[in-house]
Amino acid sequence: MSDEDAGDPKTFDLNFKGPVAKRSCTDVLCCIIFILCIIGYILLGLLAWVHGDPRRVAYPTDSKGHFCGQKGTPNENKTILFYFNLLSCTSPSVVINLQCPTTQICVSKCPEKFLTYMEIQFTYRTNKNYWTYYSQFCKSTFVKPAKTLTQVLLDDDCPIAIFPSKPFLQRCFPDFSTKNGTLTVGNKTTFEDGSGKTRNAIELRAAANRVNKILDARTIGMKIFEDYATTWYWILLGLIIAMFLSWMFVILLRYIAGLLFWVFMVGVIGIIGYGIGHCYQEYCNLQGQPNSHLTVYDIGIQTDISMYFQLKQTWFTFMVILCLLEVFIILMLIFLRERIRISIALLKEGSKAIGYIPTTLVYPLLTFIFLSICISYWAVIAVYLATSGVPVYKVITPEGQCKHENTTCDPEIFNTTEIAKACPGAQCNFAFYGGKSLYHQYIPTFQIFNLFVFLWLINFVIALGQCALAGAFASYYWALKKPDDIPPYPLFTAFGRAIRYHTGSLAFGSLILASIQIFRIVLEYLDRHLKEAQNNISKFLQCCLKCCFWCLETVVKFLNRNAYIMIAIYGKNFCMSAREAFNLLMRNVLKVAVMDNVTDFVLILGKILVTGCIGVLAFLLFTQRLPTIIEGPTSLNYYWVPLLTVIIGSYLVAHGFFSVYAMCVDTIFICFCEDLERNDGSTEKPYFLAPTLHGTLNKMQLVSQKQKE
């Protein structure tokens, strides 16, 4: 008998005893392409490491392209960036070029007083200390302020005025305050700008806001980092508790699956009910509060997320969503109560399989490690590619009306060029890092390649885990005398088979999924960048395409999952396995409708219960609502940052444990369908299915009369 005959489900081989042992490599061409892509990915990482410099993200950069605060440089003790004329940052070119059109230098501290260059010239003869203080904010060291104001402006050696400032994100920003409801800077509402004009604090605030728009993302990032630094041990504790709860539920499912299911039900309904009550309480508390009646549309997009929680509309929306979810779950319980009995029987059988192969509960940790490596490698390459290149300088004018605006220039010889003469006041400032070499021209292409291979690797790691777990659970199912007939080390054996023989098939399925995901990302990118230029028809088509690709990705994930189970059992290539899995499911479509999706629903409720329990505890802790029991962190910028981290992390931990269950149930279901087609329950061809589960299925009429006889 050949291997092909042994693996063909339509031949109904009487000697079939589980996953085929004698195999050959499948989808070799795709395996070779996958390995070549990984080698290219490694070479891209080395290339990006040679040309990139992450310090360009960590340190501010002056007009000459030098880092502020970098060790081993003249700016080592000058960690703060100072703007010569912050008022020029009101120019429209700030938004276009993401660069303020004024000289920027590195300083050791920010100015603490009001001074102008003209005042320094008058007071220099009587008090030289003012000049000593003022000169530290100049590009070069001067013995005395001998140059005229016009010459200083032309040479751009010193600022024409300084005012009280404070360091913010390693940059000097005005020291604003409010006095009797009036905005002031350094306790003054007006000040001299050094050119003979009187300015007010509102003008200075407008200029600072232009720069802040560029730095908003980094501002939030710093605050989020502070919150993580304060709450990391609480987050870790929450994830450990989530792991313990998930592990406890997995163990209990083996013995009290029915009771535990109702615990899931009551727990989920109770947690959602608590969420509805809290949203209603917050909604009532905002009644009569100023500006609480505004809508999300009125305030627009805000970087401070807490502003949305001060709106009644936000809490009302949350309350409606939770109410709909509560009603949906209750209706599902009412209409699917009979099917849930089958799901409980399947979960019990899955618990036995996991009990006989306990190493499967550890496998999600291995998947997590692989995924962490892939994500970290992708992020590092993306940063190194983004910071590749040499300093590029561009012409910037305060008014933005020069014909040479935004052209490249050389700061060493800029003052002697025709551009400086044609555009008075123009400056040659550092803009970004780039270059004109072949490598720099293809950086966007490298970023796309980096993203695509990242998606391919992520899907491959998930596929490898599914195939390995499927092989282990198939070994359990096709053991006639459990656990005596289960082969030794089934998970390790299945993992080795998947790597040795089916890397190409797993890469093939992952490639299809990664291609769909990259198309979805491109559609999202185009939608964001062309939103203003779209009409209603194009927006409708865009939404249709997004919906179609989402549905396609969902279907492909389902087919891939079952194809990997068939690969683990029969060892055929991806296309044949996908076809046979699809045909098998179509021949048993009633069983798919009754068993598969309902079991997923039960497991999802388990994930929601674990996530909800940890989420409620984290919410009470981070919002200081458990002071009598335990004292949590008291100085958080955004309490929702660690809260969301705990909730998402808890869900991922629960998903890791329950995904083993889901894969176990799916494998048992596929094997069950095969078992019914191969055997009839007689002495010569007995069922491999557990008698208790077979009896439950008989009661639900999921086994044909012929098979029962």
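Predicted model: local features only at pLDDT ≥ 70, side-chain atom pairs only at ≥ 80, totals over all residues.
Which residues do ring pairs link into a cluster? They are Phe-34, Phe-452, Trp-456 and Phe-460.

## The overall picture

Let's start with the whole chain. The protein has 709 residues, and 46% of them are buried. Its secondary structure comes to 22 helices and twelve strands.

Contacts across the sequence deserve a look as well. Taking the contacts between residues at least 6 apart in sequence, 73% of them join residues at least 24 apart.

## Where H2 meets H12

Helix H2 spans residues 28–51 and helix H12 spans residues 363–386; their axes come within 8 Å and cross at roughly 40 degrees. H2 is therefore oblique to H12, and the crossing is left-handed.

On the H2 side, the residues that meet H12 are Tyr-41, Ile-42, Leu-44, Gly-45, Ala-48 and Trp-49. Their partners in H12 are Tyr-377, Trp-378, Ile-381, Tyr-384 and Leu-385. Sorted by class, this contact has ten nonpolar residues and one polar residue, with no charged residues.

## Aromatic pairs

The structure holds 19 aromatic pairs. Because Tyr-41 lies in helix H2 and Tyr-377 in helix H12, the pair ties together parts that are 336 residues apart in sequence. How exposed are the two partners? Tyr-41 counts as buried at 3% relative accessibility, whereas Tyr-377, at 30%, counts as partly exposed.

Tyr-133 and Phe-137 give another example, with ring centres 5.8 Å apart and planes at 75 degrees, so that pair is edge-to-face too. Tyr-133 counts as buried at 13% relative accessibility, and Phe-137 is buried with a relative accessible area of 0%.

## Where H15 meets H20

Now for another helix pair. The axes of helix H15 (residues 443–477) and helix H20 (residues 640–678) come within 9 Å and cross at roughly 50 degrees. The two helices are therefore oblique to each other, and H15 passes H20 in a right-handed crossing.

H15 contributes Gln-466, Leu-469, Ala-470, Phe-473, Ala-474 and Tyr-477 to the contact. From H20 come Val-660, Met-663, Cys-664, Thr-667, Ile-668, Cys-671, Phe-672 and Asp-675. By class, the contact of H15 with H20 has eleven nonpolar residues, two polar and one charged.

Is Leu-506 buried or exposed? Leu-506 has a relative accessible area of 0%, so this leucine is buried. Leaving aside neighbours within four places in sequence, Leu-506 is in contact with Phe-460, Ala-463, Leu-464, Cys-467, Ala-498 and Tyr-564. One of these partners, Phe-460, is also a member of the ring cluster from the opening. As for Asn-560, this residue is 54 residues from Leu-506 in sequence, and their C-alpha atoms are 8.9 Å apart in space.

His-502 is placed in helix H16 as well. With a relative accessible area of 1%, His-502 is buried. Residues up to four places away in sequence aside, what does His-502 touch? The list is Arg-23, Ser-24, Thr-26, Arg-497, Ile-567, Gly-571 and Lys-572.

## Two loop residues with positive phi

Finally, a look at the backbone. Asp-27 sits in the loop between helix H1 (3–7) and H2. Its phi is near 50 degrees, a positive value in a residue other than glycine.

Tyr-489 is found in the loop between H15 and H16. Phi of Tyr-489 is near 50 degrees, again a positive value in a residue other than glycine. What is the relative accessible area of Tyr-489? The value is 66%, so Tyr-489 is exposed.

Methods
Residues numbered from 1 in each chain as written. Heavy atoms only, no water. Buried < 20%, exposed > 50% of the residue type's maximum accessible area, 1.4 Å probe, protein only. Contact = heavy atoms within 4.5 Å. Axes fitted to C-alpha atoms, helices over the stretch in contact; angles between N-to-C directions. Helix = DSSP H or I, 4+ residues; strand = E, 2+ residues; numbered from the N terminus. Parallel < 35°, antiparallel > 145°, perpendicular 65-115°, else oblique. Left-handed = near helix turned anticlockwise from the far one by under 90°. Nonpolar A, V, L, I, M, F, W, Y, C, P; charged D, E, K, R; others polar. Phe/Tyr/Trp six-rings, centres within 6.5 Å; stacked < 30°, edge-to-face > 60°.
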